[in-house]
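Dear colleague,

I am handing over the structure below, together with a written account of what was found in it. Please read the two side by side.

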Amino acid sequence: APNAGTASQGVTFTPTDTANYNSATTTVSVVVNPANLPAVTFTAPGSLVYSGTAKVYTASATGPGSLTLTYSGRNSTTYNSTNAPTNVGDYTVTAKTSDANYSGSQAQNFAITAKGLTISGASATSRAYNGSTNVLVSGGSLSGVESGDTGNVTLGGTPSGTVASAGVGNGKAVTVTGYTISGSASGNYSLAQPTGLTVDRSEEHTSEL
């Protein structure tokens, strides 16, 4: 089959009645239109959870010699590049080909999601009964930050804790709120508040966990 484009071919007409007619030659042009890009199979990277590295897709289709991928942002994500994105956001990967026998493009949406961080080393302070369910929570450090983001994600906020009841008791579970993260890379992470903290409530002494 001819390639897409315009092909010219000289054609000679030879009459059967050569006594009364002469042969003639003319040029015929044929336009071959490119076919639509066939079905593209997109293959995602192993994980779409933020890891500090680009999320590179691959794509294949039967027919075209090669495919070129471009990435663009969607929803509130701003992005437009042939380089795969790294940061959390909503994206579209689009496949095109430079093969002149095919035209059009195909696309697939994807999202890079935040990596979860935890807090280690936080403490809750036991104290004597005072009729309040509030608990003093302090300390802690982030666990799970990618090495390339060290210094760009900071633990902060105003942590506090509560227990289910104000009464005296040992090993009372503490619900913690108030820890936050900030920094230039913090948008690529989500933060889980500390769990597993307990306090003792006595009428006679205060103890540190």
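**What was found**

Four strands form an open sheet in the order β7-β6-β8-β10, and their pairing is antiparallel. Its edge strands, each of which pairs on one side only, are β7 (80-81) and β10 (106-112). Strands here are DSSP runs (E, at least two residues) and helices likewise (H or I, at least four residues), both numbered from the N terminus, and two strands are said to pair if DSSP finds at least two bridges between them.

Before going further, please note that this is a predicted model, in which local features need pLDDT of at least 70 and side-chain atom pairs count only at pLDDT 80 or more, whereas totals for chains, interfaces and linings use all residues. Residues are numbered from 1 along each chain as its sequence is written, and side-chain values use heavy atoms, with hydrogens and water left out.

**The chain as a whole**

The chain has 19 strands and zero helices. Of its 209 residues, 26% are buried, where buried means under 20% relative accessible area, exposed means over 50%, and partly exposed lies in between (1.4 Å probe, protein chains only). Among the contacts with a separation of 6 or more, 58% are between residues 24 or more positions apart, a contact being heavy atoms within 4.5 Å. The chain exposes about 12,000 Å², and carbon and sulfur atoms supply 48% of that area, as computed by the Shrake-Rupley method with a 1.4 Å probe, with only the protein chains shown counting as cover for residues.

Not counting residues up to four places away in sequence, T94 touches T68, L69, T70, S105, Q106 and A107. Of these, Q106 is twelve residues from T94 in sequence, and their C-alpha atoms are 5.7 Å apart in space.

The loop between β8 and β9 (102-103) holds A100, which counts as exposed because its relative accessibility is 58%. The C-alpha atom of A100 is separated by 8.8 Å from that of P64, although the two residues are 36 residues apart along the chain.

**The nonpolar cores**

Which residues have the most contacts inside the largest nonpolar core? This core has 17 residues, and those with the most contacts inside it are F42, Y57, L69, Y71, V93, F110 and Y189; a nonpolar core is a set of buried Ala, Val, Leu, Ile, Met, Phe, Trp, Tyr and Cys residues joined through side-chain atoms within 4.5 Å. The elements that give two or more residues to this core are β6, β8 and β10, and β8 gives the most, with three residues. Leaving aside its neighbours within four places in sequence, Y57 is in contact with F42, T43, A44, P45, L48, L69, Y71, V93, Q108 and F110. Apart from this core lies another, of eleven residues, among them I119, V163, V176 and Y179.

**Other strand pairings**

A further open sheet has three strands in the order β14-β11-β18, with mixed pairing. Its edge strands are β14 (137-143) and β18 (189-191), each pairing on one side only. Strand β11 (residues 115-124) pairs with β18 in the parallel sense over three bridges, and the bridge partner of K115 in β18 is Y189.

Elsewhere, strand β13 (residues 134-135) runs antiparallel to strand β15 (residues 154-162) and is joined to it by two bridges, with V135 standing opposite G161 in β15. Strand β15 is also joined by seven bridges to strand β17 (residues 175-182), again in the antiparallel sense, and T162 has T175 in β17 as its bridge partner.

Lastly, R127 lies in strand β12 (residues 127-128), and R127 counts as buried because its relative accessible area is 18%. The side chain of R127 reaches the backbone oxygen of N134 at 2.7 Å.

With kind regards

Note on methods. Polar contact = N/O pair within 3.5 Å; in protein donor to acceptor, adjacent residues only side chain to side chain.
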